[in-house]
Amino acid sequence: MNNLAHQVDLEAVSFRSSDGSTRATALDPVAPIQPKGRILYTCPMHPEVQEEHPGDCPKCGMSLVLKTATANPDEAEKAELSCMTMRFWIGAALALPVFVLAMAHLIPVLGRQSWVDGNASRWLQFALATPVVWWAGWPFFHRGWRSVVTRHLNMFTLIAIGVGAAFVFSAVAMLLPGLFPLAMKHEGKVALYFEAAAMVTVLVLLGQVLELRARSRTGSAIKALLNLAPPTARQVAPGGDHEVPLDQVKVGDWLRVVPGDKVPVDGAVVEGHSSVEESMITGEPLPVEKAVGDKVTGGTINGPGSFVMRAERVGSDTLLGQIVNMVGEAQRSRAPIQGLADKVAGIFVPVVLAVSALTFLLWMWLGPEPRLAHAVVNAVAVLIIACPCALGLATPMSIMVGVGRGAQEGVLVKNAGALERLEEITTLVVDKTGTLTEGKPRLMDILPAAGFDAKEFLRLAASLEQNSEHPLAAAIVQSAKDKGLILESVKDFRSVTGGGVVGRIAGRAMMIGKPDLLRNEKIIGLEPLEAAAIKLQDEGKTAMFVAIDGKPAGILAVADPIKSTTPEAIQELHTLGLKIVMLTGDNRRTAAAVAAQLGLDVVEAEIGPAGKVAHLRKLRAEGKHVAMAGDGINDAPALSEAEVGIAMGTGSDVAMQSAGVTLVKGDLRGIAKAVRLSRATMRNIRQNLFFAFLYNGLGIPVAAGVLYPFFDLLLNPIIAGVAMSLSSVSVISNALRLRKVRL
């Protein structure tokens with residue numbers, strides 16, 4: 001079984017806790033998880049429509065789909081595809097003889113046969129076309145009637161009126177020929193159009209079958225994700241282990257994972273040990289050792305050992321479930337550009353009905369004999385060729401495929417609006433720690449002032465910093481633990497936002513942070529330490545000043561290595577035409593050293609959370625389209641302020657909740673992928689809208705008969721039906737090309 005790195009190619013999602021350890025955690029959902037047991041269905045084109053049972057959308061007539069993704073197709077979805085397929089094949093088998101009989105007079109061998117225009121042929125066409133139109137095509141009449149009742153005219157309104165008009169006209173002409181004037185008759189008989197009604201019905205059915213199949217293909221990324229979880233779990237019970245369906249596993253259950261098994265849910269090892277292949281989380285193929293107390297993630301693959309785990313997150317709460325929720329919500333969200341299609345569609349159907357009526361009247365007034373026949377045929381052709389299904393599919397199909405393609409590359413898009421806005425981004429604002437750098441600082445230098453022992457200096461500093469959640473504090477604490485130093489408890493601990501920390505250790509007053517913090521606390525004599533810090537900062541290190549008992553006590557220098565992928569990512573982003581701005585709370589010298597090393601365009605240092613928001617507002621006021629990439633809680637306000645917030649998957653849950661895009665691995669190269677995905681998706685949407693508008697713009701006048709006075713050319717309703725189906729297929733096929741786009 002291929003792992004996610006090969007199958008879906010999602011990358012790392014690891015989150016740091018306050019003690020600096022790494023843990024797996026779930027992404028914040030885009031929307032609240034729906035209550036367990038409640039199944040909702042929604043419309044692919046109108047996500048605001050939600051029902052508790054399958055059916056048709058009251059606005060567009062499309063079939064509703066499950067809101068919650070499943071690894072296997074929904075029974076209702078399979079039933080609809082099966083039903084439409086059966087209707088298509090039976091309808092096609094009956095419609096083909098109708099078409100042959102109707103066109104027989106054009107075939108040289110058959111055209112001279114007397115039965116071709118005889119009553120037997122006409123009655124056989126009527127008998128065969130009736131089940132095609134009223135059984136195979138019944139779903140279209142049902143949806144068309146609902147569209148009238150709910151006053152949401154749509155594609156099925158036009159299909160029902162067009163097909164119904166062609167059939168009823170023909171049936172009346174055959175059953176009650178005396179109602180028609182002699183001028184409408186050829187050799188005493190009124191022309192029939194059963195073949196048009198039957199063939200159009202079959203062609204629309206074919207379009208529905210192709211659309212349903214394509215819709216299932218757009219969810220392939222989600223289904224690949226869901227298939228990573230095993231269908232069952234081995235539950236540990238007093239009477240012995242037994243297998244239970246995965247959806248029956250509850251929080252607190254003890255589960256056994258044997259060699260080669262997939263870990264069923266998120267949890268912790270309570271017994272045994274093994275090595276687990278976590279490439280779906282870390283992107284690394286090397287197995288990770290797991291012992292009692294270690295966290296394990298659902299979907300990862302166990303190695304040669306066996307262990308018992310306690311379930312801590314199940315169902316939609318698991319990491320895998322949260323990712324699926326995010327991708328699913330994004331696929332159903334609406335891009336702002338869809339508003340254009342919606343506005344056009346809102347007035348399109350009434351306009352088409354008016355054009356069809358005008359076509360009928362003009363042919364009755366100006367057309368050649370038989371006028372009524374020409375009027376009906378051309379009015380029906382207008383209705384059929386104007387079917388706006390291609391227009392309605394243009395945007396949602398591209399969004400669904402594009403979001404799924406992003407998920408395969410570890411780019412999780414929260415909503416379609418973020419995907420659309422990302423295309424226009426000209427400036428990318430990035431945080432330093434955890435975004436450009438690894439976010440795992442290491443203590444590099446311990447420089448105590450005269451009169452202070454280095455070990456005692458580090459022990460006291462680490463004792464104070466153990467209460468802090470800052471990554472730099474974690475580096476100091478970890479260094480002290482590595483040296484075997486015993487840390488003491490802290491009293492009167494206080495954290496100063498953007499400044500440092502203050503507290504008392506064994507009766508001694510302690511301060512660690514920036515020089516401004518120490519000065520504000522009445523510490524004097526910092527000049528020698530500041531001079532020593534300059535060299536450290538020029539090397540890209542962060543110097544943290546320490547004061548003990550009201551006196552300067554020394555410097556701790558921490559360095560956060562630049563991610564190995566960052567230089568390549570910056571180069572790719574520059575190639576895409578983006579300007580890179582770094583905003584960081586670090587000191588200017590350290591920030592400048594990092595910026596110079598990476599070739600960033602602008603660097604602003606010593607900026608707090610409020611300052612980042614202000615700088616983003618300034619950039620936007622200058623007319624720049626700004627995206628912000630960050631990973632910390634302090635980045636959340638800026639992520640919300642940016643046109644597109646991009647969160648590192650290795651960062652805080654709050655940051656990801658504030659962002660429109662999450663990079664699962666926390667690799668900046670994912671931003672380049674996201675930009676390419678946005679540009680490809682929006683280009684695809686515009687192509688689809690162009691095809692849809694061009695098709696209707698050219699097709700309707702031709703169907704109305706504008707070419708007849710010049711070229712004696714009319715558009716048969718059957719040809720209109722073919723063109724209508726091909727337009728939908730072309731839009732779907734173009735959207736599916738996004739599955740192969742290179743990011």
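Predicted model: local features only at pLDDT ≥ 70, side-chain atom pairs only at ≥ 80, totals over all residues.
**Overall makeup**

The protein chain has 743 residues, of which 54% are buried. Its secondary structure consists of 26 helices and 28 strands. Among contacts with a sequence separation of 6 or more, 68% join residues 24 or more positions apart. The accessible surface of the chain is about 31,500 Å², and carbon and sulfur atoms account for 59% of that area.

**Nonpolar cores and a surface patch**

The largest nonpolar core contains 52 residues, and the members that touch the most others are L428, I646 and I671. The element that gives the most to this core is helix α24 (residues 669-704), with nine residues. With residues up to four places away in sequence left out, I671 touches L428, L573, A629, I646 and L663. There is also a second, separate core of 40 residues; F140, A160, A197 and L205 are among them. In soluble globular proteins, nonpolar side chains tend to be buried together.

Nonpolar side chains also occur on the surface. W145, V148, V149 and L153 make up a nonpolar patch there, and their accessible area together is about 400 Å². Of these, V148 belongs to helix α5 (residues 138-149). V148 counts as partly exposed because its relative accessibility is 44%.

**Helix α16**

Helix α16 covers residues 471-482. With 12 residues at 1.5 Å a residue, α16 should span 16 Å, and its end C-alpha atoms are 16 Å apart, so the two values agree. The expected value is 1.5 Å times one less than the number of residues. The buried residues of α16 are L472, A473, A475, I476, V477, S479 and A480. They pack against α15 (454-465) and against the strands β18, β22 (542-548) and β23 (551-559). After α16 comes G484, which has a positive phi near 75 degrees.

**Charged residues in loops**

K432 lies between β17 (427-430) and β18 (442-448). Its relative accessibility is 3%, so K432 counts as buried. Beyond its neighbours within four places in sequence, K432 contacts T437, M582, L583, T584, D586 and V594.

D56 is in the loop that connects β4 (50-51) to β5 (65-66). D56 has a relative accessible area of 16% and is therefore buried. The C-alpha atoms of D56 and R143 are 7.4 Å apart, while the two residues are 87 apart in sequence.

Most residues other than glycine have a negative phi. A506 has a positive phi although it is not glycine, and D549 likewise has a positive phi without being a glycine.

Terms used. Residues numbered from 1 in each chain as written. Heavy atoms only, no water. Core = buried A, V, L, I, M, F, W, Y, C linked by side-chain atoms within 4.5 Å. Buried < 20%, exposed > 50% of the residue type's maximum accessible area, 1.4 Å probe, protein only. Helix = DSSP H or I, 4+ residues; strand = E, 2+ residues; numbered from the N terminus. Contact = heavy atoms within 4.5 Å. Patch = residues over 30% accessible without salt bridge, like charges linked within 9 Å, V, L, I, M, F, W, Y side chains within 5 Å. Areas by Shrake-Rupley, 256 points an atom, 1.4 Å probe, with all protein chains shown as cover. Salt bridge = Lys/Arg side-chain N within 4 Å of Asp/Glu carboxyl O.
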